[in-house]
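Have a go at each task before you read the solution.

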Amino acid sequence: MRVEEILTGKEGEKLFLLGNEAAVRGALESGVSVVSTYPGTPSSEIGDVFYKIAQKAGVYFEFSSNEKVALEVSIAAAAAGLRSFAFMKHVGLNVAADSFMSAVYTGVKGGMIVLSADDPSMYSSQNEQDNRIMARLAGIPMLEPSNPQEVKDLMKYGFDLSEQFQIPILMRTTTRISHMRGVVNLGPVVRGKEKGFFSKNVSQYVVVPAYVVKLRKELIEKLGKIKEIADNSPLNKIIDQGGKTLGIITSGGAFNYVMDVVSENDLKVNILKLTFSHPFPEKLVLDFINSVDKILVVEEVEPVMEKEVLAIIGKHNIKKKVFGKLDDTLPRIYEYNPDIISVGMAKITDKILIKKEKFTTELPLPLRPPVLCPGCPHRASYYALKKAIKGLKLKEEEIIYSSDIGCYALALQPPYKMADYCISMGSSLGIGCGFAKATNQKVISFIGDSTFFHAGMPGLVNAVHNKAKILLVVMDNRITGMTGGQTNPGVPLDGMGNPAPEVSIEGIVRGIGVKLVKTVDPFNLKKTEEVFKEALQFEGVVVVITKQPCARLTDTKNRKKGINIKYSINQEKCIKCLICVKNFTCPAIFTEKDGSVHINPLLCDGCGVCVQVCPKKAIEVKK
Amino acid sequence: MWGLCPGMPKESDRGEKMKNTYKIHLIGIGGQGTIKTSTIIGEAAMKKGLNVVMSEVHGMAQRGGTVITELKIGEVYSPLIEETDADLLLAFEPTEALRSLNKLSEKTFVIVNSIPIVPFTVSLGISEYPELSTVFEELKGKIKNLVLIDAQKVAKEAGNIISENMALLGAAIATPNFPVDKELIIQSMKENLPPETIKTNLKAFEMGFTEVKN
């Protein structure tokens with residue numbers, strides 16, 4: 001399949017779509033007009049598809065500077081009567097939370113969907129938060145798809161519901177839904193309105209106390225009505241497998257595992273699948289509870305529905321056993337899978353056979369941790385900084401490396417070990433300021449270009465104003481790298497691939513009042529080391545911008561130009577000092593069992609930085 | 001608007017009814033084309049009218065980390081394969097095959113690329129890459145239906161080392177019981193690979209196919 005088919009695929013056709021791609025198609029079939037995001041895995045591919053097709057689809061799409069801005073862009077579009085779609089990873093919703101909580105009060109005119117992609121097991125995230133709790137905190141109706149077809153269909157359902165009740169809708173996916181592929185039946189694409197019109201109404205859109213007290217009351221009334229819809233919605237469905245002894249209440253990805261285990265073991269149970277799961281359909285669940293002997297709640301991450309079920313049982317004074325996370329039938333941590341469900345269910349039914357002998361191996365398997373790519377400019381920046389630190393005889397234990405969210409945090413790996421603290425987007429600066437005040441240690445903060453625009457600027461303002469002595473390294477690789485390579489305000493392209501003003505990081509830094517600012521190409525190791533030496537000796541806030549495009553960008557450019565440079569090691573010149581292996585550590589460079597050093601031509605990116613690292617000039621362009 | 005529960009694939013959507021399911025586990029290293037290979041199989045299965053789901057694990061690394069995908073064909077819901085339940089394992093690297101042992105049983109067909117990829121952690125001395133001959137012995141000792149294939153050699157002969165994944169795909173579909181026709185796989189390859197690479201990729205694919213068929 002070509003990406004364009006997500007737009008051009010005709011009604012009645014089938015495509016093998018990723019959950020994220022299905023979300024795009026669902027938005028297009030719903031006549032969406034405005035779409036906004038800040039990239040975050042597992043939601044990133046939604047943006048990658050819009051980047052390629054938005055223009056042709058007549059949709060406005062942007063990579064906003066952060067999730068809060070993205071959400072606000074979509075809120076305004078919906079207030080102007082257009083259908084809008086904002087999506088982000090689960091922790092992105094934390095950034096957007098301030099506006100998210102009040103947008104539910106102000107409501108919408110055009111339909112609006114907010115998609116939060118949660119990440120159970122934290123495959124690419126800093127925590128395992130369950131945003132179904134966010135839905136309850138905000139009081140926003142929520143839909144939970146179980147597969148790509150549902151993702152697509154729920155987009156349409158969600159937009160209609162949103163318009164009917166003039167309230168945004170939260171769609172909660174998990175990694176396994178966003179990154180699941182499945183057969184999706186297409187419906188017709190509907191072109192959305194190009195422009196809307198905002199009709200003023202201060203009592204609805206200005207959340208001063210006098211108005212918001214009324215809005216709060218209206219919200220609760222609205223949720224009551226929506227709860228009735230959820231209670232009667234065909235989205236919430238009982239699947240009768242022919243047994244009343246055990247009733248299973250489940251949703252989202254967990255539903256799939258339950259179904260696989262139930263059919264594999266031919267279990268006679270009753271299953272309640274909740275897709276429209278907030279407001280919690282109390283009446284439907286009560287009827288279900290009354291229809292079975294005991295209840296098992298299967299849900300990923302927190303015991304959210306389990307507590308709702310227990311509340312219903314308590315409220316109606318029912319004496320029935322509820323199994324779930326709270327009694328340790330199922331684990332509270334990490335993503336589920338069919339095996340975990342089998343083990344849990346075997347505790348409450350003797351109908352499940354736990355498998356069987358597994359093959360194992362005693363052999364040690366090589367570790368393959370995530371690593372900076374061959375040709376990555378960050379490696380060069382770190383190498384030069386490390387040399388500068390050594391040159392100035394600074395002690396490693398006297399330096400705190402305050403890192404940030406992005407590829408560069410991978411420098412936590414040896415041999416660099418240059419990430420000591422990292423908790424959230426932009427935290428390198430705030431945390432750096434704190435350490436600068438709380439210790440006498442030297443503080444070096446690292447942040448990427450995209451993260452700098454996202455949440456780095458307020459921290460730098462703080463450092464300057466509060467005189468926190470830090471060295472900030474902005475690693476400007478001209479892209480939002482870790483999420484797969486999206487544009488950001490620092491590059492001259494917008495979210496639809498059109499030319500856009502390039503916002504200058506150096507200009508911002510100077511404007512904030514930093515006295516010493518240096519921009520350097522990290523691929524020039526010697527010059528970069530000199531700049532770092534100067535910066536390390538400067539008294540006060542100092543910023544070094546290391547500017548060189550991400551290796552993936554350079555690859556694409558070189559491929560188009562037909563440039564294909566590879567390096568190899570001249571074995572006659574190589575003295576096996578291993579500086580390139582042990583200190584520089586590019587994944588393309590490896591040692592053979594005999595101790596000789598080689599470069600894997602499949603992995604070599606042709607950046608040539610290792611040439612500067614070698615003391616014997618043994619690394620040469622491969623002929 | 002919502003006549004049917006969206007979670008329950010309708011009979012009509014699922015096409016040809018299968019008695020059994022068929023489960024494929026693929027494991028490789030970022031950059032080897034594991035996900036593309038899986039997508040090609042999945043689309044071909046869809047073309048045949050089968051229900052198919054697939055999971056992709058992207059990890060954090062763009063390159064160099066383990067990449068796992070799983071495909072389940074037939075009357076299934078979740079895209080994750082239960083332990084010991086894979087019908088076919090396609091490993092793009094020898095030690096990676098060992099990482100997936102828990103998904104195998106005696107009935108599993110296993111295709112393994114015999115070319116090792118040694119990560120930087122081994123050069124740094126913080127992890128170990130076992131002797132290749134030991135890895136092969138370990139695989140042979142446990143797996144009845146094992147094919148070791150030098151996919152790099154095949155791809156080189158076909159014209160480009162980048163076609164390793166298609167050589168392995170060819171080998172995979174030549175195994176007994178593979179549920180999707182070769183012609184549909186080829187059609188799916190043409191729809192998923194860059195046009196300028198089709199010729200080389202098809203050659204590598206055919207060569208991989210022949211390795212196993214003979």
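Domain bounds here come from an automatic or database domain assignment. Keep in mind that this is a predicted model.

**Exercise 1. Into which domains is chain A divided, and how do domain 3 and domain 4 of chain A meet?**

Solution. 
- Step 1: list the pieces. Chain A splits into domain 1 (5–232), domain 2 (237–346), domain 3 (377–557) and domain 4 (565–621).
- Step 2: find the spacing. Taken over C-alpha atoms, the centres of domain 3 and domain 4 of chain A are 27 Å apart.
- Step 3: look at the contact. Domain 3 of chain A puts in eight residues, and domain 4 of chain A puts in nine residues.
- Step 4: pick out the helices. On the domain 3 side, α15 (377–391) and α20 (551–561) of chain A each supply at least two residues. The most comes from α15(A), with three residues.
- Step 5: sort by class. That side of domain 3 of chain A has six nonpolar, no polar and two charged residues.

**Exercise 2. Are α12(A) and α13(A) roughly parallel or roughly perpendicular to each other?**

Solution. 
- Step 1: know what to look for. Two packed helices are described by the angle between their axes and the distance between the axes.
- Step 2: get the values. The axes of α12 (residues 282–291) and α13 (residues 304–315) of chain A come within 10 Å and cross at roughly 75°.
- Step 3: apply the cut-off. Angles from 65 to 115 degrees count as roughly perpendicular, so α12(A) and α13(A) are roughly perpendicular to each other.
- Step 4: name the partners. A:Glu282, A:Val285, A:Leu286 and A:Ile289 in α12(A) face A:Val309, A:Ile312 and A:Ile313 in α13(A), where they meet. By class, this contact has six nonpolar residues, no polar ones and one charged.

**Exercise 3. Now describe how α2(B) and α8(B) cross.**

Solution. 
- Step 1: get the values. Helix α2 (residues 34–47) and helix α8 (residues 182–192) of chain B have axes that come within 8 Å and cross at roughly 125°.
- Step 2: classify. The helices α2(B) and α8(B) are therefore oblique to each other.
- Step 3: The crossing of α2(B) and α8(B) is right-handed.
- Step 4: check the residues. The contact of α2(B) with α8(B) has six nonpolar, four polar and four charged residues.

**Exercise 4. Is B:Phe92 buried or exposed?**

Solution. 
- Step 1: locate the residue. B:Phe92 sits in the loop between β4 (88–91) and α3 (94–99) of chain B.
- Step 2: count. A residue is buried if 20 or more other C-beta atoms lie within 10 Å of its own. B:Phe92 has 26 C-beta neighbours inside 10 Å, so B:Phe92 counts as buried.
- Step 3: see who is around. Leaving out residues up to four places away in sequence, B:Phe92 touches several residues, including B:Ile27, B:Thr34, B:Asn113 and B:Leu168.
- Step 4: zoom out. Buried residues make up 54% of the 214 residues in chain B.

**Exercise 5. How many residues of chain B are in contact with chain A, and which element of chain B gives the most?**

Solution. 
- Step 1: count both sides. 60 residues of chain B are in contact with 59 residues of chain A.
- Step 2: find the contributors. Elements giving two or more residues to the chain B side include α2, β2 (52–56) and α8 of chain B.
- Step 3: β2(B) gives the most, with five residues.
- Step 4: sort by class. The chain B side has 29 nonpolar, 20 polar and 11 charged residues.

Notes:
Residues numbered from 1 in each chain as written. Chains lettered and ligands numbered in written order. Predicted model: local features only at pLDDT ≥ 70, side-chain atom pairs only at ≥ 80, totals over all residues. Helix = DSSP H or I, 4+ residues; strand = E, 2+ residues; numbered from the N terminus. Buried ≥ 20, exposed ≤ 12 C-beta atoms within 10 Å, placed from the backbone. Contact = placed C-beta atoms within 7 Å. Axes fitted to C-alpha atoms, helices over the stretch in contact; angles between N-to-C directions. Parallel < 35°, antiparallel > 145°, perpendicular 65-115°, else oblique. Left-handed = near helix turned anticlockwise from the far one by under 90°. Nonpolar A, V, L, I, M, F, W, Y, C, P; charged D, E, K, R; others polar.
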